[in-house]
Amino acid sequence: RESLLASDWYAARLTAQQALDERLWTRHVGALEQFAQKPGYAEEAGRLGIKARLDSARQRQDFVRSATYREQLIGTLGAQPLN
């Protein structure tokens, strides 16, 4: 187990997973920003709590980019790197 966790192969899988998760949260943030900026949607954005959702998505995006998140991935399968 320790040998696997210390391998370059496994590190590449964790890096790939972190990159996938970062892209996912970047898309979420972008979609919420687009919705919040639509003309005539201010009332609907308020009703749906888009500002709070956007703040939460930005926080998650920042966390996914962090070294702490990378450490939390240890022990998971990670993702297949796309060379």
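The following legends describe an overall view and several close-up views of a predicted model.

Figure 1. Along its principal axes, the C-alpha trace spans about 55 × 25 × 15 Å. Of the 83 residues, 24% count as buried; buried means under 20% relative accessible area, exposed over 50%, and partly exposed in between (1.4 Å probe, protein chains only). Residues are numbered from 1 along each chain as its sequence is written. Local features need pLDDT of at least 70 and side-chain atom pairs count only at pLDDT 80 or more, while totals for chains, interfaces and linings use all residues; side-chain values use heavy atoms, with hydrogens and water left out.

**Figure 2. The largest nonpolar core.** V29, L32, F35, A45, I50, L54 and A57 form this core of seven residues. A nonpolar core is a set of buried Ala, Val, Leu, Ile, Met, Phe, Trp, Tyr and Cys residues joined through side-chain atoms within 4.5 Å. Helices α2 (8–37) and α4 (50–64) each supply at least two of its residues. A second, separate core of five residues includes Y10, L14, V64 and L73.

**Figure 3. Surroundings of L54.** Contact means heavy atoms within 4.5 Å. Apart from neighbours within four places in sequence, L54 is in contact with V29, L32 and E33.

**Figure 4. The buried and exposed sides of helix α4.** I50, L54, A57, Q61 and V64 are the buried residues of α4. Seen down the helix axis, these residues fall within an arc of 90 degrees, so they line one face of α4; the arc is that of the directions from the axis to the C-beta atoms. Their cover includes α2, α3 (42–48) and α5 (67–72). On the other side of α4, K51, A52, Q59 and D62 are exposed.

**Figure 5. Q61 within helix α4.** Q61 counts as buried because its relative accessibility is 9%. Not counting residues up to four places away in sequence, Q61 touches W25, T26 and V29.

Technical notes:
Helices (H or I, at least four residues) and strands (E, at least two) are DSSP runs, numbered from the N terminus.
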